[in-house]
Amino acid sequence: MRILIVDDSRIMRNIVKNTLKALNLVNETFLEAADGQEAWSILESQEVSLLFLDWNMPNLNGLELVKRLRATAKFQSLPIIMVTSEAAKYNVIEAVKAGVSDYLVKPVTQRGLEEKLRRVLQRGSQ
Amino acid sequence: MNIQYITPFIQAAQEAILQLFALETKALTPYLVKKDETLDWDISAIIGIAGEARGLVVLSFPSGLAQELTGILRGAAKTAIDDDVVDTVGEVVNIIAGNAKKGLEQFRLLISLPSIVQGPRHQVLWPSGPVPIITIPFSTSRGHFSLSVGLEDLITL
């Protein structure tokens, strides 16, 4: 599996990556991007099977990237887990309407990430 | 003074520091600060708030504590304020502001990307107008830090 982690914080990208590795996802390929624009370039040029995406980022934010991806045929079923500090219900609703597969509020915990990952992968295999 | 809207920020700060660094915090007595006051800290992360309330949230640390907390996340000791420390402090204030929105859901708020100010006794430029700035000092077993909040119309004297 090729997993793309998008966050403008390198520390947060490392936390997500290390948490995933602690969940035994050690043989996966991890790709990283610091904003939505960089993520879009990677997604256009490389195969990605799962996306972890922050919301508040410079250049192209996570929500705008989700809208762009869902409007593009080849990314319509790409699993996207939004990992963000935006904890208000109206933010969750906005992200779900835009097309995220699941939503996780920072700070990231191993349990929270595992639960979202399992749910998204189960849905993908159905 | 109407400071009920400070509570979501205090709770979000305590939860963020506990989850990220496994560190218990104690919120000390909040106090008012003057807008032109220099801060007795080494690094501050600032988030702007817009939407149905306007203002700033500022998280300030002494360099030692900021480096120590960054070391916990990076798994390696830090001896100076570098990009990792700036990244960590910015991400913590981002998590505090984003999580505090959950306790303020009656207002639709937007948060900005964090900015960082560093240097001994630095100053934050608060928006003009009669908005009181409330500072909440926090103590931990590793040192003190503070969170300052100014929100137009929500926090009043």
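**Close-up views of a predicted two-chain model**

**Figure 1. The hairpin of E3(B) and E4(B).** In this predicted model, strand E3 (residues 43-51) of chain B pairs with strand E4 (residues 55-61) of chain B in the antiparallel sense, over 7 bridges. The two strands, E3(B) and E4(B), form a hairpin, and 3 residues lie between them. Within this pairing, Gly48(B) is placed opposite Leu56(B) of E4(B). Strands of a sheet pair through backbone hydrogen bonds, in either a parallel or an antiparallel arrangement.

**Figure 2. Further partners of E3(B).** E3(B) is also joined to strand E6 (residues 115-118) of chain B by 4 bridges, the two running antiparallel. In this pairing, Ile43(B) has Gln118(B) of E6(B) as its bridge partner. Another 3 bridges link E3(B) with strand E5 (residues 109-111) of chain B, and this pair is likewise antiparallel. Here the bridge partner of Ala50(B) is Leu110(B) in E5(B).

**Figure 3. Chain B as a whole.** Chain B contains 3 helices and 8 strands. Along the sequence, these elements follow the pattern α-β-β-β-β-α-α-β-β-β-β. The radius of gyration of chain B is 15 Å, close to the 15 Å that the globule rule gives for 157 residues, so chain B is as compact as a globular protein of that length. Taken along the principal axes, the C-alpha atoms of chain B fill a box of roughly 45 × 30 × 30 Å. Of the 157 residues in chain B, 43% count as buried. Among contacts in chain B between residues at least 6 apart in sequence, 68% join residues at least 24 apart.

**Figure 4. The open sheet of chain A.** Chain A holds an open sheet of 5 strands in the order E2-E1-E3-E4-E5, with parallel pairing. Strand E2 (29-33) and strand E5 (102-105) of chain A stand at the edges, each with a single partner strand, so one side of each is left without a neighbour in the sheet. On average, and with direction ignored, neighbouring strands of this sheet are turned by 20 degrees against each other.

**Figure 5. E1(A), E2(A) and the helix lying across them.** Strand E1 (residues 2-6) of chain A pairs with E2(A) in the parallel sense, over 5 bridges. Ile3(A) has Phe30(A) of E2(A) as its bridge partner. Helix H2 (residues 36-45) of chain A lies across E1 and E2 of chain A, and runs at about 165 degrees to E1(A).

**Figure 6. The contact of H3(A) with H4(A).** The axes of helix H3 (residues 62-70) of chain A and H4(A) come within 9 Å and cross at roughly 25 degrees. This angle makes H3(A) roughly parallel to H4(A). On H3(A), the contact is made by Leu63(A), Val66(A), Lys67(A) and Arg70(A), and on H4(A) by Glu94(A), Ala95(A) and Ala98(A). By class, this contact of H3(A) with H4(A) has 4 nonpolar, no polar and 3 charged residues.

**Figure 7. Chain A as a whole.** Chain A comprises 5 helices and 5 strands. From the N terminus on, its elements run β-α-β-α-β-α-β-α-β-α. The radius of gyration of chain A is 13 Å, close to the 14 Å that the globule rule gives for 126 residues, so chain A is as compact as a globular protein of that length. The C-alpha trace of chain A spans about 35 × 35 × 35 Å along its principal axes. Buried residues account for 40% of the 126 residues in chain A. Of the contacts in chain A with a separation of 6 or more, 61% are between residues 24 or more positions apart.

**Figure 8. The side of chain A that touches chain B.** In the predicted model, 18 residues of chain A are in contact with 20 residues of chain B. Helix H1 (10-22) and helix H4 (89-98) of chain A each supply at least two residues of the side of chain A that touches chain B. H1(A) gives the most to this side, with 4 residues. The residues on the side of chain A that touches chain B divide into 9 nonpolar, 5 polar and 4 charged.

Terms used: Residues numbered from 1 in each chain as written. Chains lettered and ligands numbered in written order. Predicted model: local features only at pLDDT ≥ 70, side-chain atom pairs only at ≥ 80, totals over all residues. Contact = placed C-beta atoms within 7 Å. Nonpolar A, V, L, I, M, F, W, Y, C, P; charged D, E, K, R; others polar. Rg over C-alpha atoms; globule rule 2.2 N^0.38 Å. Buried ≥ 20, exposed ≤ 12 C-beta atoms within 10 Å, placed from the backbone. Axes fitted to C-alpha atoms, helices over the stretch in contact; angles between N-to-C directions. Parallel < 35°, antiparallel > 145°, perpendicular 65-115°, else oblique. Pairing = 2+ DSSP bridges.
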